[in-house]
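Welcome! Let's take a friendly walk through a protein model, one region at a time. Have a look at it first, and then read on.

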Amino acid sequence: MADEMQLLEERVNREYEYGFSTDIETDTAPKGLNEDIIRLISRKKHEPEWLLEWRLKAFRHWEKMTMPKWANLQYPEIDFQDIIYYAAPKTKKAKPGKLEEVDPELLKTLDKLGISLNEQKRLTGVAVDVVMDSVSVATTFQEQLAEKGIIFCAMSEAIQKHPDLLRRYLGTVVPMTDNFFAALNSAVFTDGSFCYIPKGVRCPMELSTYFRINKENSGQFERTLIIAEDGAYVSYLEGCTAPRRDENQLHAAIVEIVAMEHAEVKYSTVQNWYPGDDAGKGGIYNFVTKRGICKGNNSKISWTQVETGSAITWKYPSVILKGDNSIGEFYSVALTTKFQQADTGTKMHHIGKNTRSRIVSKGISAGKSQNSYRGLVKVAKTAENARNFSQCDSLLLGDKCGAHTFPYIESKNNTAVVEHEATTSKIGEDQLFYCEQRGLDAEKAVALIVTGFAKEVMNNLPMEFAVEAQKLLAVSLEGSVG
Amino acid sequence: MLSIKNIHASIDGKQILKGLNLEIKPGEVHAIMGPNGSGKSTLASVLAGREEYEVTEGSVEFEGKNLLELSPEERAKEGLFLAFQYPVEIPGVSTTNFIKAALNEKRKYQGLEPLDAASFLKLLREKAALLELDKSLLSRSLNEGFSGGEKKRNEIFQMAVLDPKLTILDETDSGLDIDALRIVAKGVNTLHNADHSIIVITHYQRLLNYLQPDFVHVLMNGRIVKSGGKELALELEEKGYDFIKEELQESLTA
Ligand SMILES: Nc1ncnc2c1ncn2[C@@H]1O[C@H](COP(=O)(O)OP(=O)(O)OP(=O)(O)O)[C@@H](O)[C@H]1O
Ligand SMILES: [Mg+2]
């Protein structure tokens, strides 16, 4: 079995496929964070006065805060003055609106990432917004979407074109004071996607954003806001990669979702930031605040995430179930290898009557990684007949990694039913041998077993993404999935 | 097609096989019987290449190749199939997907393209019908929640799809009800041909009634101590293993 373990180890230590960086001229702010930098960002983005004030308020609040220490994560102090807070690929125009205006080098990068915008345009019918370092570089399908009244654009564009909408919703789901990283993001966020689905409209295509960190020493602080009006529906996809670098890079994003009556938002993430090398050097520090509010009755928000990247992941996509009969879902596959650490989970906050939530978390740990699930199910006094079901399964590959589960329940209503199930298992030698006896090598056997383990979550991904996610699991874990 | 010479094998430092010899020609059916713990499953595991077992002496030739040099998956792809005494469960992976992955690996090894969806489904249907296997089992997670008999039948189903040259049935008959035993035996007989040899590990005569072995071997204490025709199985059924032990004793003292 020794050989098998070794094989396993080699397999999980595969090289990061997206570790190239692109030689694109960037327009960069000096390192460090202070009010002047924030003013600079705001000026670069031609922002209205209120937004600058909002940023400064967040910054002043952030200065009084300290980094959260409660997560099961270990990392050195982050020097927030050693980070570049604004880096934009230089193009002729400040914001290219059309694909033709995008730097050809950049398009090459996107091709390498497997995001051929032209292909996307022609074939798949997925609208894409690409954010590189601090700036959104290309959004496709905007015109077609606009015909239905759907707004899908870069945050910086929304600031110019839809300031009222933005002002009404920005920071209403994740207040700037919410946590250390939320405050930081509110102060320095540079771009991200904005999405608005008007009343009764079912978005006819998947909306997708790709985030890419390119510039050295730069942080990425994107902010996404999705609003689904009464009866609206949208499925939203998010993907991310970063080049291989020795230093750790910071990523602190915010995603806010608002679902009004009978609205449904499905948010899927495939997170593949650079995880660091075999010795645990480099990799992205990923501190993300994602939260949705089911504001209207009968609304639904569903988070699905496949997390394979980042040196550190700190992320708890949550749902506030305010509307009666509203539904929150969280489906997660978190795969950690090498020295990766993930502390991820969700918070389901039941406020309305008959609200339901479902949590399915599948953690896979390999190498010397640590993988924690942290979930809170909170039932308010008002949440008559609230229901929650949580299933947290951990799969261990090898014996140098760790899996941890931290479920918290706070219920103030005794009509509520909260159920939690958890399992931890190892890939058994018997399972591996059985597969091998049928002709599958250990590598493929592990892929098959892991795929089976993660199936319930993968089934929730939109078709366009499922294949990619499957591939990602494979790449992170071994050569290819059969 | 299979030539086992003086094989010695141990696990966790404990010697289990102690100089076992066995010759199998194409198309032959060999039954291996023997008391619990005598090393029958060990022999199956050693042939299939389970790494925990250390082969300390001897050789195994399979279709002209040194079997012991091949990895378990290579052995499988060369045409060795083991129907497990205790098949494992793989949650979330349907029997169909599993067998498809296995079949395509084998085809790749043989330089063939993966089977297209239509042909694959046709093959599955045909083999499922042969083993009267409930089709709903095929879409369920592999062996998960299957009854003991269903698991065994699923093993033979996989054998049927993968079409091996040498099949080792490790107590496939145990756990099968009377009808299932007949169905499985019929399936094995249908798939048995001049190029497909079979090793049947069993404790009972009933499966052998159907399979009609060419040879019956008694494995005791890590080696084959007696071989004969199918009538040997009947004799064992009647007398148990004691008479062989006595014979052994006599030959030792003589
Ligand atoms: N890991 C191990 N360490 C020590 N002894 C072992 C180990 N695994 C198996 N054995 C022993 O090897 C011997 C042979 O086992 P094996 O499973 O081959 O027997 P068998 O002939 O198949 O028996 P049965 O008829 O009960 O299936 C048994 O005594 C068993 O206890
Ligand atoms: Mg046995």
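## Ground rules

A polar contact is a pair of N or O atoms within 3.5 Å; within protein, one must be able to donate a hydrogen and the other to accept it, and residues adjacent in sequence count only if both atoms are side-chain atoms. Helices (H or I, at least four residues) and strands (E, at least two) are DSSP runs, numbered from the N terminus.

This is a predicted model, where local features need pLDDT of at least 70 and side-chain atom pairs count only at pLDDT 80 or more, while totals for chains, interfaces and linings use all residues. Residues are numbered from 1 along each chain as its sequence is written, chains are lettered from A and ligands numbered from 1 in the order in which they are written, and side-chain values use heavy atoms, with hydrogens and water left out.

## A helix in chain A

Let's begin with helix α2 of chain A, residues 35-44. At its start, a side-chain oxygen of N34(A) comes to within 2.9 Å of the backbone nitrogen of D36(A). Just after the helix, H46(A) takes a positive phi of about 50°.

Which residues of α2(A) are buried? They are I37(A), I38(A), L40(A), I41(A) and S42(A), where buried means under 20% relative accessible area, exposed means over 50%, and partly exposed is in between (1.4 Å probe, protein chains only). Their cover includes α3 (49-63) and α9 (180-188) of chain A.

## Where the two chains meet

Contact here means heavy atoms within 4.5 Å. By that rule, 31 residues of chain B are in contact with 22 residues of chain A. The area buried between the chains is about 2300 Å², and carbon and sulfur atoms give 62% of it; buried area is the accessible area (1.4 Å probe) that two parts lose on being put together, summed over both.

Nine residue pairs are in polar contact across this interface (both at pLDDT 80 or more). On the side of chain B that touches chain A, α1 (40-48), α2 (72-77), β6 (80-83), β7 (90-94), α3 (95-109) and α6 (148-162) each supply at least two residues. The largest share, five residues, comes from α3(B). By class, this side of chain B has 17 nonpolar, five polar and nine charged residues. For these classes, Ala, Val, Leu, Ile, Met, Phe, Trp, Tyr, Cys and Pro count as nonpolar, Asp, Glu, Lys and Arg as charged, and the others, Gly among them, as polar.

N143(B) is in the loop between β8 (141-142) and α6 of chain B. Is N143(B) buried or exposed? N143(B) is buried, with a relative accessible area of 0%. Its side chain has a polar atom 2.8 Å from the backbone oxygen of V88(B), and it also makes a polar contact with the side chain of N154(B) (3.1 Å). Among the residues that N143(B) touches is Y434(A).

Now look across at Q431(A), in helix α10 (residues 429-437) of chain A. Q431(A) is buried at a relative accessible area of 14%, and the residues it touches include V88(B), E89(B), I90(B) and P91(B).

## Salt bridges

Side chains of opposite charge can pair when their charged atoms come close. A salt bridge is a side-chain nitrogen of Lys or Arg within 4 Å of a carboxyl oxygen of Asp or Glu. The whole structure has 32 of them over all chains, and three lie between chain B and chain A. In one salt bridge, K444(A) and E105(B) have their closest N and O atoms 3.7 Å apart.

Within chain A, R374(A) and D343(A) meet in a salt bridge (2.7 Å, N to O). R374(A) lies in strand β20 (residues 370-379) and D343(A) in strand β18 (residues 341-350), so the pair ties together parts that are 31 residues apart in sequence. R374(A) is buried at 10% relative accessible area, and D343(A) is buried at 0%.

## A strand inside chain B

Strand β3 of chain B (residues 29-33) has five of its five residues buried, so it is largely enclosed by the rest of the structure. V29(B), A31(B) and M33(B) point one way, while H30(B) and I32(B) point the other. In a regular strand the side chains alternate between the two faces of the sheet.

Two strands pair if DSSP finds at least two bridges between them. β3(B) pairs in the parallel sense with β10(B) (residues 197-201) over four bridges, and A31(B) stands opposite V200(B). Four bridges also join β3(B) to β11(B) (residues 215-220), again running parallel, with V218(B) as the bridge partner of M33(B).

Conventions
Lists of a residue's contacts leave out its neighbours within four places in sequence.
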